[in-house]
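Subject: Structure for you to look at

Hello,

Here is the structure I promised to pass on. Please open it next to the sequence, then read my notes below.

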Amino acid sequence: MPEIFETKVRVRYAETDQMGVVYYANFFVWFEIGRAEMLRNFGYNYRDMEIVDDCFFVVAEANCRYRKPARYDDPLRIVTRIAVATKRTVRFNYEIVHERTGELLATGETLHVICDKNGRPKSLPPHYRRSLGIPEPDAARAN
């Protein structure tokens with residue numbers, strides 16, 4: 001599993017306010033893009049996880065620390081990491097970096113609880129746990 005996954009986006013006009021500065025909530029959209037592309041890189045996508053395995057990544061916490069503004073047409077790099085993963089939760093860390101200058105524009109994290117379609121917490125199936133580097137429960141401890 002790669003420790004870091006990077007995705008590139010360019011700030012669209014619709015993501016900015018009247019002054020050409022990115023509206024704050026769009027950073028959370030970019031976090032989601034980074035997370036979805038990281039999972040896609042592992043060979044998974046949300047739709048299949050939901051339909052085939054009844055696994056939904058429910059956001060339990062989300063935060064962002066804004067350091068510098070992003071502006072219309074800026075090329076950005078979304079850096080995504082899995083900070084902590086257990087059989088029922090995954091915490092992702094993010095950085096939004098200006099691609100041309102290398103300036104760190106924002107950092108953030110999201111905590112996700114794995115749930116079924118009814119919103120009840122459940123364990124990730126073993127094939128996802130292996131891909132995400134989550135250790136299998138010790139069979140001896142389970143007895």
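Thr-80 has Tyr-94 in S4 as its bridge partner. Keep in mind that this is a predicted model. The strands involved, S3 and S4, are antiparallel and pair over 9 bridges. Together they make a hairpin, with 3 residues between them.

S4 also pairs on with S5. These two strands run antiparallel and are joined by 9 bridges. Look for Val-90, which stands opposite His-112 in S5. S4 and S5 form a hairpin too, with 5 residues between the strands. Gly-102 in that hairpin takes a positive phi near 80 degrees.

Next, the core. The largest nonpolar core has 33 residues. Which of them touch the most other members? They are Trp-30, Phe-57, Ile-96 and Leu-124. As background, nonpolar side chains in soluble globular proteins tend to be buried together.

Phe-57 deserves a click. Leaving aside neighbours within four places in sequence, Phe-57 is in contact with Leu-39, Tyr-46, Met-49, Val-90, Phe-92, His-112, Val-113, Ile-114 and Leu-124.

Now H1 itself. H1 has 16 residues. From first C-alpha to last, H1 reaches 22 Å, close to the 22 Å expected at 1.5 Å a residue. The buried residues of H1 are Asn-26, Phe-27, Trp-30, Phe-31, Gly-34, Arg-35, Ala-36, Met-38 and Leu-39. Just after the helix, Gly-43 takes a positive phi of about 100 degrees.

Last, Ser-123. You will find Ser-123 in the loop between S5 and H3. Is Ser-123 buried or partly exposed? Its relative accessibility is 22%, so Ser-123 counts as partly exposed; the cut-off for buried is under 20%. Ser-123 and Arg-88 are 35 residues apart along the chain, yet their C-alpha atoms are separated by 4.8 Å. Beyond its neighbours within four places in sequence, Ser-123 is in contact with Lys-87, Arg-88 and Arg-129.

Best wishes

Technical notes: Residues are numbered from 1 along each chain as its sequence is written. This is a predicted model: local features need pLDDT of at least 70, side-chain atom pairs count only at pLDDT 80 or more; totals for chains, interfaces and linings use all residues. Side-chain values use heavy atoms; hydrogens and water are left out. A nonpolar core is a set of buried Ala, Val, Leu, Ile, Met, Phe, Trp, Tyr and Cys residues joined through side-chain atoms within 4.5 Å. Buried means under 20% relative accessible area, exposed over 50%, partly exposed in between (1.4 Å probe, protein chains only). Contact means heavy atoms within 4.5 Å. Two strands pair if DSSP finds at least two bridges between them. Helices (H or I, at least four residues) and strands (E, at least two) are DSSP runs, numbered from the N terminus. The expected span of a helix is 1.5 Å times one less than its number of residues.
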